[in-house]
Amino acid sequence: MIKKILLSLVFLISLSTFAADRFKYALKEHQKFNRTMSIDINKSASLHMVFVKNKNTKQQDVIPFYVDEQKNITELGTLSFEEEPELISFHTNGNTLTLINFEDGNLSIDDIDLSTGKHLNRKQTKDVEKPAYVFKQKNKSIFFEVDKKGKDLTFTYIENATSSSTKKIETPKELEDKVKHIFRKNVDVINTREFVKNGSIAKAQAYFEDEKLLLVYDQKEDDEIETLQINPNAEDIFELKNYKATALEKLKKSNSYVKDDKLFVINSGKEDIEMNVFDIESGEKEKRLSLQQEMAFAQNDLEKREDFIKQSRRAKNKPTLTVNETEEGNLAVRMDYVNIQNYSYHNMWWFHHHMMMHQLHIQQHQQMQMMMGPNISSLDIDALYTKKKESTSISFVISKDLELLKEASLETKYREVDAEKYIEELSDDKEVRNESLVFLNDEYHYIYTDRKENYVYIKIEGLD
């Protein structure tokens, strides 16, 4: 009898925790498959979710699977919702994973113990609006709201389902119009905790670092840049600074990026491109580099340098500049230009949502095809990626003290991944359906179903 009990326990454990490059899970008869979604946990682990409709309870269930650093795959506690939820943020504190979902006016905060797989706590807030701006930090999530008049600002800090706080701030009268103007259009939220290739070309950008919200705004087209720092915990909550970035003759285009409390500004002129670096706290300019002079070593071909300058100032293009930390602790600067008509900044968090929408799009076309439509293989259903072209970027390394390091490695802490390549490979696999994938530093994990949507698989592959 004891032997039978032990065998049963071993069998049950093998169902919930599994270490292999392919994991298989059978959906039950009462579970109607909807879609999948994958996210990375601090670039060392991953979470894969299966969204199903529970025919018995009439609810929408989310079945999460956790892949830890040792590639053990564990089924976590199922989450149930009245309507299909949208995951808007997540973070970890020790072994606790916190998932924040929004569905039909309801905000749900769920805590799951990653070591046991158990669902710990849930907090639900009903009849609320979806947060306008979400900043995902390593161990908390922050919501930011601003009213239409630019007067009332609200910060909501979520640590877990049982610990959250809200801080409301009133904008000084002299800054109300400024705040209102900045948020007149959507502000790009920049995530610097991943490899950033081109960054944002939006007029206003938002960063959240060291408990401070930093808004970067092109005050006057291609002439001046402003930063508005909002620190809810400081005595002087609001700090406005103005930066005159360059003295370039016939300045055409500008853009900026923030890294380590420095404002990096790229300026495109008729005959040269400059990079100016400002200390955000003091407002002082700390570095000026010229593409035709100090940065020329990064592109030795004079003809290509001059073409880069020409292209970056064209009306259809805008220059971009990003700064990523290298494996050696330096800063890799990447200058490029993008077509303003077909480029938008998307971080990897947006990418996960796109994969979800991609699945829904395919499902809709398949339904249409069954009724009346053309062969889905002939439809252009994914307009996310532009056609590949030869790289035009110019990259080089500087130290944290802003000194040029001509011989230093460009290998970055967060790896640049050709996501399109791996998506195409999965799309070409006829046995893979409803796939979603996530990239870690050296490998990628993905979840998918079989053609009949009866089984769910999780697979781990190495990056090239």
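**View 1. Thr227 and its partner across two strands.** In this predicted model, Thr227 has Lys241 of strand β20 as its bridge partner. The two strands here, β19 (residues 224–230) and β20 (residues 238–244), run antiparallel and share 7 bridges; strands count as paired if DSSP finds at least two bridges between them. Helices (H or I, at least four residues) and strands (E, at least two) are DSSP runs, numbered from the N terminus. Strands of a sheet pair through backbone hydrogen bonds, either parallel or antiparallel.

**View 2. Both faces of β19.** Is β19 mostly covered or mostly open? Mostly covered: 7 of its 7 residues are buried, and buried means under 20% relative accessible area, with exposed over 50% and partly exposed in between (1.4 Å probe, protein chains only). In a regular strand the side chains alternate between the two faces of the sheet. On one side of β19 sit Glu224, Glu226, Leu228 and Ile230, and on the other Ile225, Thr227 and Gln229.

**View 3. Asp218 and its contacts.** Asp218 belongs to strand β18 (residues 212–220). Its relative accessible area is 7%, so Asp218 counts as buried. Leaving out residues up to four places away in sequence, Asp218 touches Lys203, Glu224, Ile225 and Lys318; a contact means heavy atoms within 4.5 Å.

View 4. β21 and β22 share 7 bridges, and Asn255 has Ile266 in β22 as its bridge partner.

**View 5. Helix α3 and what covers it.** Which residues of α3 (residues 302–312) are buried? They are Arg305, Phe308, Ile309, Gln311 and Ser312. Their cover includes β25 (317–325), β26 (331–339) and β27 (394–398). At the start of α3, a side-chain oxygen of Asp301 comes to within 2.9 Å of the backbone nitrogen of Glu303.

**View 6. A stacked tyrosine pair.** Tyr444 and Tyr446 are stacked, at 5.7 Å centre to centre and 20° between the planes. Rings of Phe, Tyr and Trp (its six-membered ring) pair if their centres lie within 6.5 Å; planes under 30 degrees apart count as stacked, over 60 as edge-to-face and the rest as tilted. Tyr444 is buried at 6% relative accessible area, and Tyr446 is buried at 5%.

**Notes on the views.** Residues are numbered from 1 along each chain as its sequence is written, and side-chain values use heavy atoms, with hydrogens and water left out. As this is a predicted model, local features need pLDDT of at least 70 and side-chain atom pairs count only at pLDDT 80 or more, while totals for chains, interfaces and linings use all residues.

Notes
Polar contact = N/O pair within 3.5 Å; in protein donor to acceptor, adjacent residues only side chain to side chain.
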